[in-house]
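Hi,

Here is the structure I promised to pass on. Have a look at it first, and my notes follow below.

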Amino acid sequence: MIKKFDKKDEESGSGSNPFQHLEKSAVLQEARIFNETPINPRRCLHILTKIIYLLNQGEHFGTMEATEAFFAMTRLFQSNDQTLRRMCYLTIKEMANISEDVIIVTSSLTKDMTGKEDVYRGPAIRALCRITDTTMLQAIERYMKQAIVDKVPSVSSSALVSSLHMVKMSYDVVKRWVNEAQEAASSDNIMVQYHALGLLYHLRKNDRLAVSKMLNKFTKSGLKSPFAYCMLIRIASKLLEETEAGHDSPLFDFIESCLRNKHEMVVYEAASAIVHMPNCTARELAPAVSVLQLFCSSPKAALRYAAVRTLNKVAMKHPSAVTACNLDLENLITDSNRSIATLAITTLLKTGSESSVDRLMKQISSFVSEISDEFKVVVVQAISALCQKYPRKHSVMMNFLSNMLRDDGGFEYKRAIVDCIISIIEENPESKETGLAHLCEFIEDCEHTVLATKILHLLGKEGPRTPSPSKYIRFIFNRVVLESEAVRAAAVSALAKFGAQNDDLLPSVLVLMQRCMMDSDDEVRDRATFYMNVLQQKQKALNAAYIFNVRLCLSVSVPGLEKSLHQYTLEPTEKPFDMKSVPLANTPITEQKTEFAPVATSKLPEKPGPTRQDIYQEQLAAIPEFQGLGSLFKTSEAVQLTEAETEYVVRCVKHTFARHMVFQFDCTNTLNDQLLQKVMVQMEPSEAYEVLHYVPAANLPYSQPGSCYSLVRLPEDDPTAVSCTFSCTLKYLVKDCDPNTGEPDDDGYDDEYVLEDLEVTVADHIQKVLKPNFAAAWDEVGDDFEKEETFALASVRTLDEAVGNIISFLGMQPCERSDKVPENKNSHILFLAGVFRGGHDVLVRSRLALADGVTMQVTVRSSDETVVDIILASVG
Amino acid sequence: MTAQTCPRQHQRTTMEIASLEPSLYTVKAVFILDNDGNRLLSKYYDKELYPSMKEQKNFEKNVFNKTHKADTDEIAFVEGMTIVYKCSIDLFFYVVGSSQENELMLMAVLNCLFESLGQILRKNVERRCLLDNLDGVFLVVDEIIDGGVILESDPQQVIQKVNYRADENPLSEQSVAQHITDKLAMTSNIMQSAKEQIKWSILK
């Protein structure tokens with residue numbers, strides 16, 4: 001058999017793979033020669049290699065055939081061929097999970113492990129531990145202890161590493177080997193040292209005092225292994241972080257001293273540990289940064305990469321600390337390794353001063369054509385971040401971006417540029433016209449439908465409000481003539497927006513619409529007809545509702561809508577479907593752009609999976625007590641009800657329904673000698689809120705979070721009572737238990753624990769909704785229930801602070817970017833939009849003026865009068 | 001029955017340790033590919049990462065596509081993993097670690113693997129020679145990394161522990177030689193018996 005395929009192989013030349021056409025069944029057939037006497041080590045070796053190769057290629061072995069081969073293989077222990085024996089160990093490890101009754105080889109392995117042949121002992125231990133379970137482990141415990149302290153390093157290392165693998169499975173048994181591990185840690189062999197340290201740490205990591213003692217001992221005695229040093233640095237920095245010790249601690253001194261170690265690996269680990277420490281001062285960072293700076297000019301790519309990656313991290317928090325390395329980083333821009341070059345450029349863009357921007361941009365443009373798309377995207381993202389930092393440089397950037405837009409490039413690249421231009425336009429009103437002009441030019445010749453529609457949408461939104469809107473009409477109508485259906489439809493929508501906002505353009509827009517009504521595509525025709533009819537009415541409210549702020553597609557959560565519609569079809573009713581009963585989607589917080597993936601990764605943007613609220617809705621619906629509450633209106637951010645590092649950690653998430661609230665208490669028990677049962681949080685409301693139900697958590701074992709719930713009815717007779725304070729007490733049954741096994745005592749006793757008060761505020765009743773065109777929405781709601789009041793905020797010193805306070809207090813969505821107060825201004829208008837519990841739109845316009853304190857005039861509009869009163873009452 | 005389910009369980013749980021947690025589990029995966037990106041050997045030590053064969057092969061393909069062109073590089077960042085690699089003639093060697101891992105530790109593993117293989121393959125680190133000595137390659141990898149823990153990083157030590165000798169005369173030649181001797185022995189047997197027969201017939 002072997003002869004045959006070797007021969008075939010030679011014919012096809014040396015390039016072919018002798019294992020390529022292996023058939024599993026043929027190999028298993030061959031494995032029968034394992035039973036022949038005498039054993040032919042060479043042939044058997046070859047067959048074992050084939051079996052391992054097949055397993056490695058992902059070939060599936062059935063339990064039967066694997067077991068058969070495994071049992072045949074056990075016969076090979078009779079041979080004394082070294083390589084063959086070693087391959088047997090490998091086969092055992094590979095088949096441990098596939099074959100049955102692998103424990104049959106235990107005695108053979110135990111014999112090898114304790115035998116005279118040192119070559120066999122280490123590998124035999126590792127194979128044995130792979131097939132051992134907790135009960136059998138006790139049988140070999142004696143041998144393991146001996147092996148850990150064996151004077152042959154490979155034996156000791158193998159025993160230590162295998163013990164480490166088994167810590168999770170049999171913690172209690174392995175824990176008894178601590179003394180042996182301790183002895184091994186003082187071995188002269190560097191790997192034994194490292195493995196012993198790793199095992200000791202894993203056994204002791206829950207005992208901070210023991211870890212601290214261990215660190216103390218090893219940092220003083222001085223280890224030889226660079227790996228062990230890296231491990232020590234990691235343990236030390238973790239301990240520093242946990243104990244929040246100051247940087248005058250001996251642990252910090254130890255880490256800093258490692259910056260002078262002779263191994264680069266250790267030096268880098270120490271520098272990286274310092275950089276990652278929270279609240280490091282510039283002075284403490286300096287030695288680490290200068291070490292990294294040296295690494296930047298290393299001939300080793302891995303070291304350069306490591307250094308730039310870490311400097312990039314520093315630049316996020318302390319850009320000034322990295323400026324000293326700017327020269328070295330600039331040299332790395334031309335590095336042959338793309339990852340290094342990318343990191344260097346992104347770091348530079350973070351640390352560069354405003355004056356260096358022009359030079360940097362020139363440098364980028366010199367090589368941007370030579371690099372791959374994926375890398376270009378990262379550069380564009382870095383530029384985008386830079387624009388945010390130096391808004392005054394937008395003209396340079398805009399020029400640069402428009403040049404890039406003209407170059408060849410794939411979709412991802414173009415999309416990144418378009419996104420960047422759009423964000424510049426939104427940040428800087430004065431760049432709007434140039435930006436829109438560049439984009440108009442781009443869609444004249446754009447093959448990507450997604451981008452074309454995106455830009456058309458932007459034109460529709462921003463174009464009508466520019467000084468000369470008419471010049472965009474030509475670009476938009478060109479699309480109607482030339483492009484595919486999707487783009488044509490988007491162009492029609494954009495046109496309608498011009499017609500709705502600019503009275504002098506309306507006649508021409510209507511003429512163009514007329515033409516679009518003859519389009520060959522249904523969607524385009526439908527849209528044109530629809531807009532035509534709306535526009536002809538010439539009513540502001542209609543325009544607002546049907547052209548600017550289309551509620552349906554903007555604010556409801558899609559899974560929520562699906563569920564509501566499904567529910568509606570299940571219960572036949574005369575009533576029309578009520579859009580207001582659909583839960584709203586959380587408006588995404590617009591804080592992208594601040595951080596980018598460090599390097600050109602191909603990571604796809606996150607999938608639009610179910611939102612946090614949808615997940616909660618799912619969970620709550622599964623609890624019988626909460627049936628019939630309707631759909632979840634809003635879920636607030638979690639609030640901590642305990643201090644950090646207390647016996648029990650409790651945080652609360654508030655879920656608001658149409659007439660009820662559910663409080664979800666996520667509790668964690670941090671005491672390993674206690675088991676809590678029947679855990680619930682008793683709530684005493686200050687207002688007319690009524691607690692209907694408590695859903696306790698049945699069991700709360702050590703460190704496994706559990707949730708209990710309280711259902712509260714909102715007062716119906718007084719709808720203005722939106723805020724309330726609850727005093728909360730955690731009640732439970734305590735059972736003492738063994739910290740190691742978790743086995744509880746039979747008897748327990750009731751106990752309670754006082755939590756911090758929980759506040760329900762007006763923000764819990766309002767869901768954020770983004771209105772892209774606030775003025776139109778303002779007109780749409782109308783002034784039927786408008787109220788206005790003026791307040792003086794004496795304690796607030798700046799407009800920024802006032803804006804922040806109002807937003808967080810009302811929990812509404814700022815529109816038109818009005819949450820950003822321009823610099824050096826004394827007055828500002830904040831626009832807020834939201835939906836009140838029950839589905840009423842609420843809009844707030846708040847004029848702020850800065851004098852000694854801040855004076856605020858609040859105007860509230862809503863489709864419901866009570867809501868207006870509630871908002872004003874709560875502000876006052 | 002318990003014996004075969006338990007080891008799998010314990011492996012999964014030990015691999016869950018967060019990357020920032022001080023841990024000996026440094027290496028997430030090791031693989032050797034040929035110059036068409038085919039897998040020759042690969043070991044994944046973190047069962048959470050790419051649990052299925054399909055995901056593993058996709059990852060290897062992705063890594064290969066990103067790295068095989070630039071032969072001067074030795075480090076890359078793919079799918080959120082740090083990858084150090086080396087190529088030799090028609091082979092690519094990869095060591096994978098988490099994005100927070102110390103790159104120099106991964107480099108130490110890669111260098112050890114490469115130098116150890118260089119020694120057992122007598123400097124012929126190329127595909128054909130590697131496949132002819134695949135058993136030795138498996139053993140070398142097993143001595144360097146155990147379940148994601150760096151077991152040894154000194155190539156001399158690895159060579160000593162593996163104690164493997166590359167085939168002086170590959171199996172095929174030897175078996176051909178064997179075959180010929182067998183044949184010769186057989187022919188001489190036939191000759192012998194023929195002689196005997198002739199002798200007897202004459203004596204009659």
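**Salt bridges and other finds**

A:Glu412 has a relative accessibility of 43%, so it counts as partly exposed (buried means under 20% relative accessible area, exposed over 50%, partly exposed in between, with a 1.4 Å probe and protein chains only). A:Arg415 is partly exposed too, at 25%. These side chains form a salt bridge, with the closest N and O atoms 3.2 Å apart (a salt bridge is a side-chain nitrogen of Lys or Arg within 4 Å of a carboxyl oxygen of Asp or Glu). Both residues lie in helix α25 (residues 411-427) of chain A, three residues apart, or about one turn of the helix (helices, H or I of at least four residues, and strands, E of at least two, are DSSP runs numbered from the N terminus).

Before you read on: this is a predicted model, where local features need pLDDT of at least 70, side-chain atom pairs count only at pLDDT 80 or more, and totals for chains, interfaces and linings use all residues. Residues are numbered from 1 along each chain as its sequence is written, chains are lettered from A and ligands numbered from 1 in the order in which they are written, and side-chain values use heavy atoms, with hydrogens and water left out.

Over all chains, the whole structure has 44 salt bridges. What does B:Lys43 pair with? Its partner is A:Glu94, at 2.7 Å from N to O. B:Lys43 is in strand β2 (residues 39-44) of chain B and A:Glu94 is in helix α5 (residues 82-95) of chain A, so this pair joins two chains. B:Lys43 is partly exposed at 26%, and A:Glu94 is partly exposed at 23%.

B:Glu101 and A:Arg234 also meet in a salt bridge, again with 2.7 Å from N to O. Since B:Glu101 sits in the loop between β5 (91-98) and α3 of chain B and A:Arg234 in helix α14 (residues 226-243) of chain A, the pair joins two chains. Buried or exposed, what is B:Glu101? B:Glu101 is buried, at 5%, and A:Arg234 is buried at 12%.

Now for backbone angles. Most residues other than glycine have a negative phi. A:Lys678, which is not a glycine, has a positive phi of about 50°; A:Lys678 is in strand β5 (residues 674-685) of chain A and is exposed at 58%. B:Lys123 has a positive phi near 70°; B:Lys123 is in the loop between α3 (103-120) and α4 (127-132) of chain B and is exposed at 70%.

Cheers
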